[in-house]
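The sequence and structure come next, followed by the details.

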Amino acid sequence: MSLVNGTEIFKAAREGHYAVGAFNTNNLEWTRAILGAAQETNTPILIQTSMGAAKYMGGYELCKNLVEQTIKSMNITVPVIMHLDHGNYEAAKECIEVGYNSVMFDGHDLPFEENLAKTKEIVALAHAKGISVEAEVGSIGGEEDGIVGAGELADVEEAKQLAAAGPDYLAVGIGNIHGVYPENWQGLSFDRLEELAAEIKIPLVLHGGSGIPKEQILKAIDMGIAKVNVNTEQQIAWSKAVKAYYAADKDEAEKGFDPRKVLAPGTKAIKDTVESRIEWFGTPAVK
Ligand code: G3H
Ligand code: ZN
C-alpha cells in the first residue's frame, strides 16, 4: 500500500478505543526502523518529521521522497501516513505543496483568534488536496523544536471552536510534556480529558508519549485519544544501543567501524521500541 492520509485511520481508532502511534524520523535508519516495525506487526503507522528534523535531512520534499522510496524498497504493504509534526504556518503550507499526507499546524503559541484563523486556512488548503490536518489547543509542556510549552490544560471552549474549524484530529494539552517527565510530574489530567472528549468527537492526540506510564496511556486511549506521539523513547533506546556498541569495543573488531555495523544495534533498538508501543496502543492488524 502506498501513503495514505490519516482521516479514516484515526476516526476508526477513536471509535474502536485504540490508538495508532506517531513516530518521528531523523534519517534513513530511523525511517527503516519505523516502517519495519509497522510491517512486522502488520499495522498502520504514522511517520512524522518535525521542522528541525526535516531541515537536518535536507527539506520536506527529500523527507517525503525518502519515506516513499523506503516503502517501495522494503515492500511495505501496511498503510503509512506521512505527517508534519508541530509545523508552523509556512511549514504546513510547504508540506501540503510537496505532498505530505497529513500536516500538523501548531498555532498554540499564537493569540487564539490567529490560531483559529490560520487553522481554517490550512484546513482549506489541505482538504482541497485530500490531506489531513491536526490542530493544537493548549500548550504541551517541555520543548519541541524550539517551541517551549508550559503544559497548560486545554481550554474546553477554545478546543470546541478549534475543532469546529475542521481539522481531522486535535492535539490537546492535558498535563502531558515533551521529553523526559520530571520526578514530580502530576500525571495526565483525566478530568480535563473527560470534559474535552465529551464535547469533541474528532480523534484526540496525545503528544509527549514517552515516559507516560502504560496504565495512563491505556486509560487516555479508552477515553478518546486516538493518536499517540512518541519520540524521546526511540532517541534514548537508540543512544543506549550505540553507546553499548562502543562500550563493548565492537568498533575494534573486524570492520566494526563500518557505519552499517555501528548503526545496526541502534536501528534495532528503535524498531523494538516502536513495536512495543504499537502493542501498548492496541493498534489492530490490517486485514
Ligand atoms: O510531537 C512529538 C511528540 O509529542 C513526542 O514527544 O518526545 O516526549 O515522546 P516525546
Ligand atoms: Zn509533540
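A disulfide is taken here as a pair of cysteine sulfur atoms within 2.5 Å. This is a predicted model, in which local features need pLDDT of at least 70 and side-chain atom pairs count only at pLDDT 80 or more, while totals for chains, interfaces and linings use all residues. Residues are numbered from 1 along each chain as its sequence is written, chains are lettered from A and ligands numbered from 1 in the order in which they are written, and side-chain values use heavy atoms, with hydrogens and water left out.

**Cysteines**

The count comes to 0 disulfides. The closest cysteine sulfur to that of Cys-95 is in Cys-63, at 8.2 Å, which is too far for a bond. Cys-95 is buried (under 20% relative accessible area, with exposed meaning over 50% and partly exposed in between, for a 1.4 Å probe and protein chains only). Cys-63 is buried as well, with a relative accessible area of 1%.

**Ligand 1**

Around ligand 1 there are 15 residues, of which Asp-85, Gly-179, Gly-208, Ser-210 and Thr-232 come nearest; a residue is near a molecule if one of its heavy atoms lies within 4 Å of it. This shell divides into 2 nonpolar, 11 polar and 2 charged residues, where Gly is counted among the polar ones. Strand S3 (80–87) and strand S10 (225–230) each supply at least two residues of the shell, strands being DSSP runs (E) of at least two residues and helices runs (H or I) of at least four, numbered from the N terminus.

| Residue | Part of residue | Distance |
|---|---|---|
| His-86 | side chain | 3.2 Å |
| Gly-208 | backbone | 2.8 Å |
| Asn-231 | backbone | 2.9 Å |

Taken alone, ligand 1 exposes 300 Å², and the protein buries 99% of that, as computed by the Shrake-Rupley method with a 1.4 Å probe.

**Annotated positions**

An unreviewed UniProt entry lists Asp-85 for "active site", and such annotations may be inferred rather than shown by experiment. Asp-85 lies in strand S3 and counts as buried at 2% relative accessibility. The UniProt annotation "binding site", also from an unreviewed entry, covers Asp-106 and Glu-136. Although these two are spread over 31 residues of sequence, they cluster in space, with a largest C-alpha distance of 5.5 Å. Asp-106 is in the loop between strand S4 (102–105) and helix H6 (112–127), whereas Glu-136 is found in strand S5 (residues 132–137). Asp-106 counts as buried at 4% relative accessibility, and Glu-136 counts as buried at 1%.

Terms used: Polar contact = N/O pair within 3.5 Å; in protein donor to acceptor, adjacent residues only side chain to side chain.
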